[in-house]
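Visitor: I have a structure to look at and have not seen it before. Can you take me through it?
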Amino acid sequence: MLLSVEHLDKSYKTGRRSSTQVLHDISLSVNQGDALGLVGESGSGKSTIAKCLLRLIKPEQGRIVYDGIDVVQARGADLRRFRREVQMVFQDPYGSLNPRMSVGELIGEGLLVHRLAATAAARRERVAEMMQMVGLNPADMDRYPRSFSGGQRQRIAIARALVIGPRILVCDEPVAALDVSVQAQVINLLQDLQRQLNLAIIFVAHDLAVVRHLCESIVVLHKGRIVETGDRNAIFDAPQDPYTRALIAAVPTPDPQVARAHRASRRHSPATQA
Ligand SMILES: Nc1ncnc2c1ncn2[C@@H]1O[C@H](COP(=O)(O)OP(=O)(O)OP(=O)(O)O)[C@@H](O)[C@H]1O
Ligand SMILES: [Mg+2]
């Protein structure tokens with residue numbers, strides 16, 4: 001097991017003496033090379049889980065273990081290795097890239113931070129290689145993010161995360177802000193990279209349609225609790241939980257008649273409450 005999460009609880013402070021618990025007894029695990037989808041409506045706790053996994057926030061209860069490292073407690077060499085091997089791609093391709101840095105600087109930053117390329121020339125070479133890998137033109141290395149489309153910016157963000165050779169990529173709704181046609185391209189890219197690099201991917205999304213293609217196993221989250229977990233086919237063919245069924249009903253289908261029926265049922269499904 002590359003990453004495992006056991007019985008995680010997380011609360012946020014809502015006032016001086018009050019707090020609300022937003023994660024209840026979350027357990028999940030990911031193997032090297034696996035893609036896990038984390039699905040649920042807005043506010044179900046997806047990003048909170050992602051942030052705990054990345055050690056950006058601390059859970060009150062439970063354990064997160066990455067390749068033998070206790071993530072919450074890690075220090076020193078363990079913490080440095082964790083920071084290098086577990087990387088993240090965020091939803092907003094506009095807000096997550098510093099507009100004053102060139103694409104080359106953005107992608108190469110991790111190499112500097114982790115001292116992975118000794119010379120500027122070595123960095124440029126590695127950056128060019130990464131740009132190629134994510135479908136960007138290395139000749140654009142000295143341009144700034146503003147001159148790139150949303151999809152291209154997400155490619156920059158992916159290259160930036162992958163440049164230091166992580167083993168896990170946590171993607172928090174990385175395509176939610178993109179046009180549908182561009183979404184498919186970025187998901188295909190992630191799938192290619194997953195196979196090529198034997199990456200584990202944790203992919204957070206609102207709806208099942210987005211994860212269906214990429215993720216072999218799926219965790220369905222509702223109000224901070226896991227309501228269903230299993231492999232993709234089991235979840236789609238025989239969903240056990242009513243909430244999962246509602247999410248599946250909300251998945252767009254190409255058949256217009258079926259789609260109409262789904263639209264009608266979707267009006268009453270919890271999946272669209274935001
Ligand atoms: N910093 C915070 N302080 C207080 N409450 C928070 C904080 N961050 C999130 N919450 C609350 O925790 C719950 C879970 O939020 P979270 O962002 O994890 O959900 P999500 O599933 O990622 O939603 P979305 O799909 O909208 O991104 C929500 O009720 C949210 O309002
Ligand atoms: Mg979120």
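Visitor: Which residue stands opposite serine 217 in strand 10?
Guide: Aspartate 231 stands opposite serine 217. Strands here are DSSP runs of E with at least two residues, helices are runs of H or I with at least four, and both are numbered from the N terminus. This is a predicted model, in which local features need pLDDT of at least 70 and side-chain atom pairs count only at pLDDT 80 or more, while totals for chains, interfaces and linings use all residues. Residues are numbered from 1 along each chain as its sequence is written, and chains are lettered from A and ligands numbered from 1 in the order in which they are written.

Visitor: How do strand 9 and strand 10 run, and how many bridges join them?
Guide: They run antiparallel, with 6 bridges between them. The two strands form a hairpin with 2 residues between them. Lysine 223, in the turn, has a positive phi of about 50 degrees.

Visitor: What sheet does that belong to?
Guide: An open sheet of 6 strands in the order 6-7-8-3-9-10, with mixed pairing. Two strands pair if DSSP finds at least two bridges between them. Strand 6 (86-89) and strand 10 (225-231) stand at the edges with a single partner strand each, so one side of each has no neighbour in the sheet. From one strand to the next the twist averages 15 degrees.

Visitor: What holds strands together in general?
Guide: Strands of a sheet pair through backbone hydrogen bonds, in parallel or antiparallel fashion.

Visitor: And which way do strand 3 and strand 9 run?
Guide: Strand 3 (residues 35-39) and strand 9 (residues 217-222) run parallel, joined by 4 bridges. Leucine 36 has serine 217 as its bridge partner in strand 9, and valine 39 stands opposite valine 220.

Visitor: How much of strand 9 is buried?
Guide: 5 of its 6 residues are buried, so by the definition used here each of those has 20 or more other C-beta atoms within 10 Å of its own. A residue with 12 or fewer is exposed, and one in between is partly exposed; the C-beta atoms are placed from the backbone.

Visitor: Which strands does strand 7 pair with?
Guide: Strand 6 is joined to strand 7 by 4 bridges, running parallel, and valine 89 has cysteine 171 as its bridge partner there. Strand 7 is also joined to strand 8 (residues 200-205) by 5 bridges, again parallel. In strand 8, valine 204 is the bridge partner of aspartate 172.

Visitor: Which helix lies across strand 7?
Guide: Helix 5 (residues 150-162) lies across strand 6 and strand 7 (168-172). Helix 5 runs at about 170 degrees to strand 6. Axes are lines fitted to C-alpha atoms, for helices over the stretch in contact (C-beta atoms, placed from the backbone, within 7 Å). Angles go from 0 to 180 degrees between N-to-C directions.

Visitor: Changing topic: what surrounds ligand 1?
Guide: The shell consists of Tyr12, Val22, Gly40, Ser42, Gly43, Ser44, Gly45, Lys46, Ser47, Thr48 and His206. A residue counts as near the ligand if its C-beta atom, placed from the backbone, lies within 6 Å of it.

Visitor: Which element gives the most to that shell?
Guide: Helix 1 (residues 46-53), with 3 residues.

Visitor: Where is arginine 55, and what is its phi?
Guide: Arginine 55 is in the loop between helix 1 and strand 4 (61-66). Its phi is near 70 degrees, a positive value in a residue other than glycine. Arginine 55 counts as partly exposed because it has 16 C-beta neighbours inside 10 Å.

Terms used. Two residues are in contact if their C-beta atoms, placed from the backbone, lie within 7 Å.
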